[in-house]
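Here is a quick tour of one protein model. Have the sequence and the coordinates open while you read.

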Amino acid sequence: MIECSWKANFGIECLTCGFQRSFWLLLKGDLLNSISIFPATIPFLLTILITVLHLKFKFRKGTFWILSMFVFTVTLISVNYIVKIINGDVFV
């Protein structure tokens with residue numbers, strides 16, 4: 001896996017640290033561990049999927065759904081990072 005340059009240079013995890021491991025676990029079928037490592041993996045992938053499908057098929061409310069999924073994903077990433085900071089898991 002690719003090393004996080006933010007973590008290597010500054011000694012703290014970035015907002016998306018854990019995405020690669022979570023995605024790999026999701027590909028292996030380990031849904032619960034994938035969600036526990038990085039909860040925004042599935043919403044992020046769904047956001048990309050909805051965006052690609054909207055570009056191809058021009059859904060009537062596609063932009064609304066893309067924006068909604070984006071806001072939800074960013075919220076999950078932010079809350080996950082805040083919880084990591086509170087628990088002290090961000091610092092290497």
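## Ground rules

This is a predicted model, so local features need pLDDT of at least 70 and side-chain atom pairs count only at pLDDT 80 or more, while totals for chains, interfaces and linings use all residues. Numbering runs from 1 along each chain as its sequence is written, and side-chain values use heavy atoms, with hydrogens and water left out.

## Overall build

Helices (H or I, at least four residues) and strands (E, at least two) are DSSP runs, numbered from the N terminus. The C-alpha trace spans about 45 × 25 × 25 Å along its principal axes.

Of the 92 residues in the protein chain, 24% are buried. Here buried means under 20% relative accessible area, exposed over 50%, and partly exposed in between, with a 1.4 Å probe and protein chains only. The chain exposes about 6600 Å², and carbon and sulfur atoms supply 72% of that; the areas come from the Shrake-Rupley method with a 1.4 Å probe, and for residues only the protein chains shown count as cover. Among contacts (heavy atoms within 4.5 Å) between residues at least 6 apart in sequence, 40% join residues at least 24 apart.

## The largest pocket

The largest pocket holds about 250 Å³ of space. A pocket is an open set of points on a 1 Å grid over the protein atoms alone, where a 1.4 Å probe fits, with protein on both sides within 12 Å along at least five of seven lines; lining residues have an atom within 4 Å of a point. Points are joined across faces, edges and corners, and the volume is the space filled by probe spheres set on them.

Its lining has 13 residues, with Ile2, Cys4, Cys17, Gly18 and Gln20 nearest the centre. α1 (5-10) and α2 (19-28) each supply at least two lining residues, and α2 gives the largest share, three.

Ile2 sits in the segment before α1. With a relative accessible area of 68%, Ile2 is exposed. Its C-alpha is 27 Å from that of Ile50, 48 residues away along the chain.

Lys58 lies in the loop between α4 (41-57) and α5 (62-87). Most residues other than glycine have a negative phi. Lys58, not a glycine, has a positive phi of about 50°. Lys58 counts as exposed because its relative accessibility is 58%.
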